[in-house]
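Welcome! Please take a look at the structure shown here, and keep it open while you read.

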Amino acid sequence: MHDLLPHISASLSSVFGSIAFFMPEIYLALLFIVVMITDLIFGKRSLKLCRIVACAGLLLVMYLDLKQFALVADGGHLIFSNMLLLIRSGIFFKLIIDLLSFILLLYFSWDNKLNSHQKGLSDLYSIAIASVFGLHLMVMAVNLLSIYLAIEMVSIASYLMVAYRTENAFSTEAGLKYVLFGAASSAMMLYGISLLYGFSGSLDIIFHHTIEQLSGVNSVSTSFAMILVLIGIGFKLSFVPIHFWVPDVYQGASTPVTAYLSTVPKIAAFALLINFLSPFMFTGLWTGFNMSIALSVIGIVTMIAGNFAAVLQTNIKRMLAYSSIGHTGFALMAVVVLSLQSVSVLTYYLLVYALANIGALALATYFTNETGAEDVEDYRGFGLKYPIASVCFVIILISLTGLPVTAGFTGKLFVFSAVYGVYQQTHSIWLLLLMITGALTTVVSLFYYIKIPLNLFLKRKEMAEISNKKSVNLLVLSIFISFILILLGIFPHWVLQVL
């Protein structure tokens, strides 16, 4: 008993000393409780109140995120017995997640089909806040246990959000498929974690002694365990070959939920991937498979599969689903050449991609609300009827493609520059193949993105107009995002100089 007392005292000191570095997450937990209690007290009348409380709470959390920069001025801090790591790049990831989540919380009530659901939206706001809490943990997780718990927290919230709208069989099927794929990847990840723990005797991957212990084990065994863990992280990133759930789930879920799934969990997963891979890529002690080559192969295959599959799609959401897979492959280029510069470039690229993707799906909702259009061909002739929305759609698609003068172009240019800079030093054939694939698939993306402007402006079809005043909010959001994408394309240093 006496031997345990010093350990208990040290653990309590670690917990209490970590609270100051965990304030945004504590407020998120309190916000979840407040939103849930508001829903319980006011019932169906609580929709507007829950939205106001959730959005106001996220603004407060963003303010607390900003205050954390002062805490990391002297470097990163390990908290809660080395379970989590607070660093400058992690704070930026959290800020982006909170900003996008704030936009998405507003977006939820602007979708007619989702807003008219008999369950209301109050529960959805509670689930979203819980998910944001899990996303924060993903960004900071550097322990195998905290990595698993963070991913599971986000996954459970995502399952609930996908299955929230259950008025048709396709939505129910999408939710079930998501759960099954998620459960399988979670089980494989947990098995991989157990193997790594058995090989090293530690759950802390950030320390060199863990990598040294793993290096003393048969490389085939440790590589197998690493692959299993990467499968769990890859489920959130939706890279090939763990992408089969994406098109059906994105199409079956409500459009705002699709916007959520394709942006904020993916950003947190990239931050988690960096946390997980950094000790193995930088220490020089890892004797298993070459991480850079493995990620290069995954990136190349993901870009090819995502972009070529998108060409064949006619449904807007399904097309954007495959497009998001392609963008994941492109973003992996920055992870392959992992460095402080590439992390800044990746953060910028993910920010502008997420804004453009939310804008594209918001406009998809706008046209569905106004006209009932869901397929690309349903957009024929709407360019003249809805000129502002159509022009915004074109700007956003130009950014997703990566053409001047949008932020998507500068984002891709920075990624190419980061990879080329490393290629000049190493002359790696894999980096060359990555750049060639990235350039070719960018050209391929033109073939499916251009379908929408082609139908909007160059084809004609008469269709009865369905007016709905909620669509005005979506139009304003689309105009704002289009403006930001052009502004960041012209002045990218406004973001890069603070990253």
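The briefing below goes from the whole chain to single residues.

This is a predicted model, in which local features need pLDDT of at least 70 and side-chain atom pairs count only at pLDDT 80 or more, while totals for chains, interfaces and linings use all residues. Residues are numbered from 1 along each chain as its sequence is written, and side-chain values use heavy atoms, with hydrogens and water left out.

**The whole chain**

- The protein chain contains 23 helices and 2 strands; these are DSSP runs numbered from the N terminus, with helices being H or I of at least four residues and strands E of at least two.
- For 499 residues, a compact globule would have a radius of gyration near 23 Å, and the 22 Å of the protein chain agrees with that. The radius is taken over C-alpha atoms, and the globule rule is 2.2 Å times the number of residues to the power 0.38.
- If you follow the C-alpha trace along its principal axes, the protein chain spans about 80 × 60 × 45 Å.
- Contacts (heavy atoms within 4.5 Å) with a separation of 6 or more come 79% from residues 24 or more positions apart.

**Surface and charge**

- Of the 499 residues, 57% count as buried. Buried means under 20% relative accessible area, exposed means over 50%, and partly exposed is in between, using a 1.4 Å probe and protein chains only.
- The accessible surface of the protein chain is about 19700 Å², and carbon and sulfur atoms hold 70% of that area. The Shrake-Rupley method with a 1.4 Å probe gives these areas, and for residues only the protein chains shown count as cover.
- The chain has 24 positive and 21 negative charges, and their mean positions are 9 Å apart. Lys and Arg count as positive and Asp and Glu as negative, with His and the chain ends not counted; each charge is placed at NZ of Lys, CZ of Arg, CG of Asp or CD of Glu.

**Cysteines**

- A disulfide is a covalent bond between the sulfur atoms of two cysteines. Here the rule is a pair of cysteine sulfur atoms within 2.5 Å, and the count comes to 0 disulfides.
- C55 is buried, with a relative accessible area of 7%, and C392 is buried at 6%.

**The loop between α10 and α11**

- P241 lies in this loop, between α10 (219-237) and α11 (246-252). The peptide bond from V240 to P241 is cis, with omega near 10 degrees.
- S238 belongs to the loop between α10 and α11 too. Its phi is positive, at about 60 degrees, although S238 is not a glycine.
- Is S238 buried or exposed? With a relative accessible area of 0%, S238 is buried.

**Around helix α19**

- V405 sits in the loop between α18 (387-401) and α19, and the peptide bond from P404 to V405 is cis, with omega near 0 degrees.
- G421 is part of helix α19, which covers residues 407-426. Its relative accessibility of 26% makes G421 partly exposed.
- In sequence, G421 and E377 are 44 residues apart, and in space they are 42 Å apart, C-alpha to C-alpha.

**Between the strands**

- F80 is in the loop between β1 (77-79) and β2 (84-86).
- Phi of F80 is near 55 degrees, a positive value in a residue other than glycine.
- F80 is partly exposed, with a relative accessible area of 21%.
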